[in-house]
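Hi everyone, thanks for coming. Let me put today's model up on the screen.

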Amino acid sequence: MFIDILFANPVFFFRYIAIILISVTLHELAHGFAAIGQGDNTPQKAGHITLNPVVHMGWQSIIFLCIAGMSWGQMPVNPDKFRNGRISDIIVSAAGPLTNLALGIIFALLLVTFYNSGLVSKDFLYLAARVNFTLFLLNMLPIPPLDGFHIYSSIFPSLKKLQDSPIGLFGLVIIFLIPGFSETLFFISDSIIKVFLEF
């Protein structure tokens with residue numbers, strides 16, 4: 001279990017928790033601001049335009065994060081209020097993963113900048129970049145309820161019927177049970193960071 005790391009490597013444990021809390025919060029806020037930009041004031045009315053991770057994740061998600069190393073977030077939106085229909089849906093859905101991609105790039109650039117300076121922990125910057133690139137890759141998978149599914153189902157409406165089916169949850173369970181799946185995402189993230197370091 002992930003919580004075992006608390007006793008084996010507490011510095012890594014708390015760094016990881018902090019990075020996830022920040023990354024998921026900014027991910028959800030990006031959805032919210034994109035929704036507002038597309039004419040939906042639901043995020044504001046629901047009180048979700050905040051930097052408080054508890055609002056976006058809830059205590060259950062945060063506790064699960066500490067125990068299992070995984071978590072989830074939620075931004076209430078109402079697609080019926082979007083002014084541009086499917087285009088708005090794609091914009092709002094893509095805003096979260098693209099925020100993680102941007103954060104990954106920012107942390108990778110900071111890693112390159114301060115790698116030998118001793119001013120900032122390069123282990124922290126590397127982990128932050130790795131987590132955000134991995135969150136981007138994961139969320140772009142076309143599996144409900146991930147953002148990737150909302151993007152692809154807006155392009156191919158016939159997929160919408162799968163949105164509320166148990167297939168999505170089953171699919172998520174299956175991909176995490178596939179040997180090497182998580183490692184593959186981490187490998188891709190590490191490869192992206194390596195590109196930055198080689199420049």
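This is a predicted model: local features need pLDDT of at least 70, side-chain atom pairs count only at pLDDT 80 or more; totals for chains, interfaces and linings use all residues.

Residues are numbered from 1 along each chain as its sequence is written, and side-chain values use heavy atoms, leaving out hydrogens and water.

The unreviewed UniProt entry annotates "transmembrane region" at residues 12-37, 49-70, 90-112, 124-143 and 167-188; such annotations may be inferred rather than shown by experiment. Residues 12-37 are 100% helix and 0% strand, with end C-alpha atoms 37 Å apart. For residues 124-143 we get 80% helix, 0% strand and 30 Å between the end C-alpha atoms. Helices here are DSSP runs of H or I, at least four residues, and strands are runs of E, at least two.

Now the rings: there are six aromatic pairs, meaning ring centres within 6.5 Å, with planes under 30 degrees apart called stacked, over 60 edge-to-face and the rest tilted. F2 and F13 are stacked, at 5.2 Å centre to centre and 25° between planes. Since F2 sits in the segment before α1 (5-8) and F13 in helix α2 (residues 10-37), the pair ties together parts 11 residues apart in sequence. F13 and F14 are edge-to-face, because their planes are at 90°, with centres 5.2 Å apart.

F13 is buried at 4% relative accessibility, while F14 is exposed at 53% (buried is under 20%, exposed over 50%, partly exposed in between, with a 1.4 Å probe and protein chains only). F2, F12, F13, F14 and Y16 make up one aromatic cluster.

Lastly, K122 lies over the face of Y115, 4.4 Å from the ring centre; that call needs NZ of Lys or CZ of Arg within 6 Å of the centre and within 35 degrees of the ring normal.
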